[in-house]
Amino acid sequence: MSPRCDFCGEHVEKLNQQITVMRKEIKNLRQILDGAGRAHRKHMTSIRSAVANIGLREPDKEQAPPPPLAAPQALEQGNIQTVPIGYISSCFAVKNGTPRQPTICGPSRAELRIQQSIFNNPEHALVGLEQYSHVWIIFLFHKNGHLNYKAKVKPPRLNGQRVGVYSTRSPHRPNALGLTLARLDKIDGDTVHLSDIDMIAGTPVLDIKPYIPDYDSPHSRLDKEHCDPITDQKTDAQSDLESDKNDNEALVSLLSKDKPEAGIPVRDSSQSVSAQLPLHKNIHQMLDEVRDYVTQGELQLSCASEDQVSGSPKTKAPECNVDYPCYGEKAYITIAGWIREPPVSSLQVRFTSQAQKELADFLPTHLSGPSESDRPRFRFLRSTEEAVAAIRGVLSADPRSIHRRTRCRDRLFYFILDSADITCWFGQGFAEVLQVRPVEQNVVSV
């Protein structure tokens, strides 16, 4: 019986341990339940007080009744509730490897289908949009995680330097709104086909607006301002300059009449004039000097008139040069220096022979054949050359984060482009594609 009792003792000891654990779990559950009850009672108290305050208020008969709908008031106060008009179907399935700007990867394509819950006839909302070549896409950064944001961020192109979030296009913002300028390829019913995009699959789109250079491009605005003739808006100073110019022209013409024409014999009037005006011996020489002086003043007045019409402030006397004032981007549009000259240089992209063979095995999206159905197929890219250009665009801009670029020893990098799962590695100043495989179906459909 002793061995049997020992076994029972061990079994009882294990049961006691399990009971102790269960008691602790029950205690934790009771604490959680007590906390939830206190929170519930607190919320109920606040609700009762709010209802009581509403009930104590007597309706004012003289005051106008409140509007029946609360939506206009919410808009006036800035409280809005957005509803996506559609969701992006893109060649980028995940964030990893998606370009940060639309111009980085030109062959990138996407489709946007307008939801029927927004309009009964979604295709009617797109009538006329085919007349434009580019559109603004306002979307939501729906993959921001916990929606954390800070006043200063570290753009990848600055390699760790901090700047204000509103001086960048970081997705981590108080309102996670994104704006991109995409090329409009075509419109097919209720579906908009786009290219030059930087949005991943499943991105909620809030609005579409046509891109109009005359309104959206400052360079076009300035060119239009300085090229249009200004006839109705003349300042008083400009009118004075023009009147002085006319007076000078009249004086020059008057002086030129006094000078003898070639081939006509005229008596020398210098003697008679010198008798009356002994200040100068040769009247013709004096007339030439006066004409030169007036002509020089006319040129200066014309230069001053052009400067005042252009509206450019001058701090010194205007000079009449051959070079015209610089209008447009160089004079009026400024951007941060790191945008065009970032500390992070572009990378060279190369492919291994194996990667080239695997990439050439993919069929374009517009080709089909029963004998080649076993080969992988692109959903958006139209040729192998487009795929190569897209991969080069993504990798040349170094899509890695600053932490991965500076602190991680692992040089391998994985990303998905269309239906291709790409493996590459980064070296000093270059990126090399090692492998291109068809992505799994469940990942593509995400």
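Start by selecting Arg 109, Asp 185 and Glu 386: a network of salt bridges links them. A salt bridge here means a side-chain nitrogen of Lys or Arg within 4 Å of a carboxyl oxygen of Asp or Glu. You're looking at a predicted model, where local features need pLDDT of at least 70 and side-chain atom pairs count only at pLDDT 80 or more, while totals for chains, interfaces and linings use all residues. Residues are numbered from 1 along each chain as its sequence is written, and side-chain values use heavy atoms, leaving out hydrogens and water.

Now zoom in on Asp 185 and Arg 109, whose closest N and O atoms are 3.9 Å apart. Asp 185 sits in strand β6 and Arg 109 in strand β2, so this pair ties together parts 76 residues apart in sequence. (Strands are DSSP runs of E, at least two residues, and helices are runs of H or I, at least four residues, numbered from the N terminus.)

Is Arg 109 buried or exposed? Arg 109 counts as buried, at 12% relative accessibility. Buried means under 20% relative accessible area, exposed over 50%, and partly exposed in between, with a 1.4 Å probe and protein chains only.

Next, pick Arg 113 and Asp 190, which meet in a salt bridge at 3.2 Å, N to O. Arg 113 is in strand β2 and Asp 190 in the loop between β6 and β7, 77 residues apart. Arg 113 is exposed at 55%, whereas Asp 190 is buried at 17%.

Last stop: Ser 396, in helix α11 (residues 384-396). Show Ser 346 too: the C-alpha atoms of Ser 396 and Ser 346 are 5.3 Å apart, though 50 residues separate them in sequence.
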